[in-house]
Amino acid sequence: MSCLIGNVMSEWKTKRTWETVDVQKYETGFLVTLDNRPIVTPAKNTLVLPSSDLAKKVADEWREQSNEIIPEEMPFTRLSNSAIDKVSIQFQEVADILSEYGETDLFCYRASSPTELIERQTTAWDPFLDWANGALKVSMKISSGVMFIEQDVDEMQKLKAPIYNMTPFQLTAFHELVTITGSLIGAYAFVEKAFTADQIWLASQVDEEWQIEQWGSDEEALASSKKKYNDFKKLGVDEVYCLSVNDAFVMYNWGKHLGIKHVKLIPDGNGDFTKKMGALVKKHNLGYQQSIPKFFYHQRSVFDGQTCMLMIRY
């Protein structure tokens, strides 16, 4: 059979030129064909799918495209492309990156205050750790605050081992679960059907929901900080700073876009200051080797005899 689609998923505005979409059995799996010609990946590999169920989902995505192909509406196709073109070639590297999430799993890092947030985290996250202890025979340590906690080496080996036994397609899907939730344990729980997708998603959003309740969205929080600036001045606060592990260009344009004048935005591009604060954990999925922990935390500290409020948030 000849091939119809070449670099189709990288050409974001490819037009629909086919009439029929079918699933065909292949010697090593299943094909999705357009007018009886198999789809190929952006790297021009034949899109051979491991199961008929996945092939049907990919086929449905292509049937639903109208005049212009919209990749954002084709998650199964995009993940399948990644499994073949990228993960199968860089399997060890991807597996290593995912395994590191076990050392900084979201469910193990708890706030030290306030009490209501601690209770929410305990209620949402403890069931996952209890499940991991029973089903995976893995016992995880819990940290209170932003400081990194060293997990037991043997426990980490047990937690990470299943990753390296996955197929490229399984690892690709698992990568999505881990990076979206920030939890290796949560991803395992979904794969094993121990919790529903809604339960895992809600658990992964505990900190974000708390932050929004307290501060609003990011833009709302900074807008609110402008209004409160004069109140801070009345309390004797000299300056208000917002430090982020980001580059100067992004920080400048963020402030410009939001019209921030009184709050001073400070870039910590290499994370040097944040590292010395003990507030860095690995976040490969965001493009950084390290970043601020994924939970809201605050404390009062004293610098040079002056009391200040530190608000650390991811």
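Which residues in α4 meet Ile 185, Gly 186, Tyr 188 and Ala 189 in α7? I shall return to that point once the setting is clear.

Good morning, colleagues. The structure under discussion is a predicted model. The protein comprises 314 residues, and 40% of them count as buried. Its secondary structure consists of 12 helices and nine strands. Turning to the contacts between residues at least 6 apart in sequence, 57% join residues at least 24 apart.

Let me begin with a sheet. Strands β1, β2 and β3 form an open sheet in that order, with antiparallel pairing. The edge positions belong to β1, residues 21-26, and β3, residues 37-38; each has a single partner strand, so one side of each is left without a neighbour in the sheet. Strand β2, residues 29-34, is joined to β3 by two bridges. Within this region, Leu 34 stands opposite Arg 37 in β3. Helix α1, spanning residues 52-63, packs on the sheet and touches both β1 and β2. The direction of α1 makes about 155° with that of β1.

I now move to helix α7, residues 184-191. This helix is mostly covered, with six of its eight residues buried. Those buried residues are Leu 184, Ile 185, Gly 186, Ala 187, Tyr 188 and Ala 189. What surrounds them? The cover over the buried residues of α7 includes α3 (91-99), α4 (115-136), α5 (153-160), α6 (168-181) and α8 (197-204).

Both ends of α7 deserve a remark. At its start, a side-chain oxygen of Ser 183 lies within 3.3 Å of the backbone nitrogen of Ile 185. Just after the helix, Lys 193 adopts a positive phi of about 60°.

This brings me back to the opening question. On the α4 side, the residues are Phe 128, Leu 129, Trp 131, Ala 132 and Leu 136; they meet Ile 185, Gly 186, Tyr 188 and Ala 189 in α7. As for the geometry, the axes of the helices α4 and α7 come within 10 Å and cross at roughly 65°. The crossing of α4 and α7 is left-handed.

Thank you for your attention.

Methods
Residues are numbered from 1 along each chain as its sequence is written. This is a predicted model: local features need pLDDT of at least 70, side-chain atom pairs count only at pLDDT 80 or more; totals for chains, interfaces and linings use all residues. Side-chain values use heavy atoms; hydrogens and water are left out. Helices (H or I, at least four residues) and strands (E, at least two) are DSSP runs, numbered from the N terminus. Buried means under 20% relative accessible area, exposed over 50%, partly exposed in between (1.4 Å probe, protein chains only). Contact means heavy atoms within 4.5 Å. Two strands pair if DSSP finds at least two bridges between them. Axes are lines fitted to C-alpha atoms, for helices over the stretch in contact, and angles run from 0 to 180 degrees between N-to-C directions. A polar contact is a pair of N or O atoms within 3.5 Å; within protein, one must be able to donate a hydrogen and the other to accept it, and residues adjacent in sequence count only if both atoms are side-chain atoms. A crossing is left-handed if the near helix is turned anticlockwise from the far one by less than a right angle, and right-handed if clockwise.
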